[in-house]
Amino acid sequence: MTFWGALLQNGAYQAVANTLFKSQRRQFWILASLPLFWIFFANLGPIVEMFWIGFLDSYPPKVGHEPQFTLANWAAFFQDRVFIIPFFRTLAFSFIFTAITLLITYPVAYFLAKHVSRKNQLLFLLLLLIPFWVGEIVRTYAIMILLGNNGAVNLALKSLGLIDRPIPFMYTGFSLGVGIIYLTALYMLLPLYSALEKLPDNYLEAAADLGAGAWTRFRRITLPLSKEGIASGCTLVFLISTGYYATPVLLGGPRSTVFAETIAGFFHVAGDQWPMGAAFSSIMLIATLGVTGLFLKLMGRDGKGMMR
């Protein structure tokens, strides 16, 4: 008899198993205990701690000083344009970059889902995934090499005789946008591909038989039925782009400073600035979640209207 067979017939094991898995409710809590622990302590725990620190007058704790509750860290955000401008610039950049990423990746996802044979789709996906096997910093430096004064873009334009002097692409909103779009394109592409791949071909064929043109088929069938992929992709790209720090530091300039750089500044100086950094981080989190929730609600309404 094997070990597992002997174990299953063991009286002590059967007694313990019957006690632990006596009901479906108990089975659920046993199986869900580790995922729930991870969600509430590893994910939500640091966020709750960040909110709490934002209401303290000092952190980390100092010997002989008891941290006091205060709203000054939150109020400071609304009292200085130095903080407000990067905040709204970050939201505007993220919105624009998300829209551009959608426009760029939607045709790619559609071509991959509808014009590439199923046996070759995995190969194409792997080719698209290759750049994302390296870290964010490496890919950011690749953009710097591409857009630098002696980079591939300027050298190509100069060899074609289109420019005499290098175009200053770097340290602008343009270079930042290229970097963010490059880093987040996959998060838009995969949800779009998943939604479009599930779109039945006979819907489009029936519409074509009824006289619907290509634009009508796209507007009335393809776009509404892919709205879940659009919503998922835009949500991921928007949330991720608002939190990037290293890429804006390396690619951005004085006029493209984002809120993550402002927040990081509070953690790089004296320790008593941590509460303000935590408060500002909480403000950014609340704002991005609010914008995302509003977007998803509008997408739901628009989707119902488009299907009519």
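In these legends Ala, Val, Leu, Ile, Met, Phe, Trp, Tyr, Cys and Pro count as nonpolar, Asp, Glu, Lys and Arg as charged, and the others, Gly among them, as polar. The model is predicted, with local features needing pLDDT of at least 70 and side-chain atom pairs counting only at pLDDT 80 or more, while totals for chains, interfaces and linings use all residues. Residues are numbered from 1 along each chain as its sequence is written, and side-chain values use heavy atoms, with hydrogens and water left out.

**View 1. The crossing of helices α5 and α9.** The axes of α5 (residues 81-114) and α9 (residues 173-197) come within 6 Å and cross at roughly 45°, which makes α5 oblique to α9. In the contact of α5 with α9 there are 20 nonpolar, six polar and two charged residues. Helices here are DSSP runs (H or I, at least four residues), numbered from the N terminus; axes are lines fitted to C-alpha atoms over the stretch in contact, with angles from 0 to 180 degrees between N-to-C directions. Oblique covers the angles left after under 35 degrees (roughly parallel), over 145 (roughly antiparallel) and 65 to 115 (roughly perpendicular).

**View 2. The lining of the largest cavity.** A cavity is a set of points on a 1 Å grid over the protein atoms alone where a 1.4 Å probe fits but cannot get out, and its lining residues have an atom within 4 Å of a point. The lining consists of T90, F93, S94, F97, L176, I180, S241, T242, Y244, P248 and V258, and it divides into seven nonpolar, four polar and no charged residues. Helix α5 gives the largest share, four residues.

Technical notes:
Helix = DSSP H or I, 4+ residues; strand = E, 2+ residues; numbered from the N terminus. 1 Å grid on protein atoms, 1.4 Å probe; cavity = no way out; pocket = protein on both sides within 12 Å on 5 of 7 lines; lining within 4 Å.
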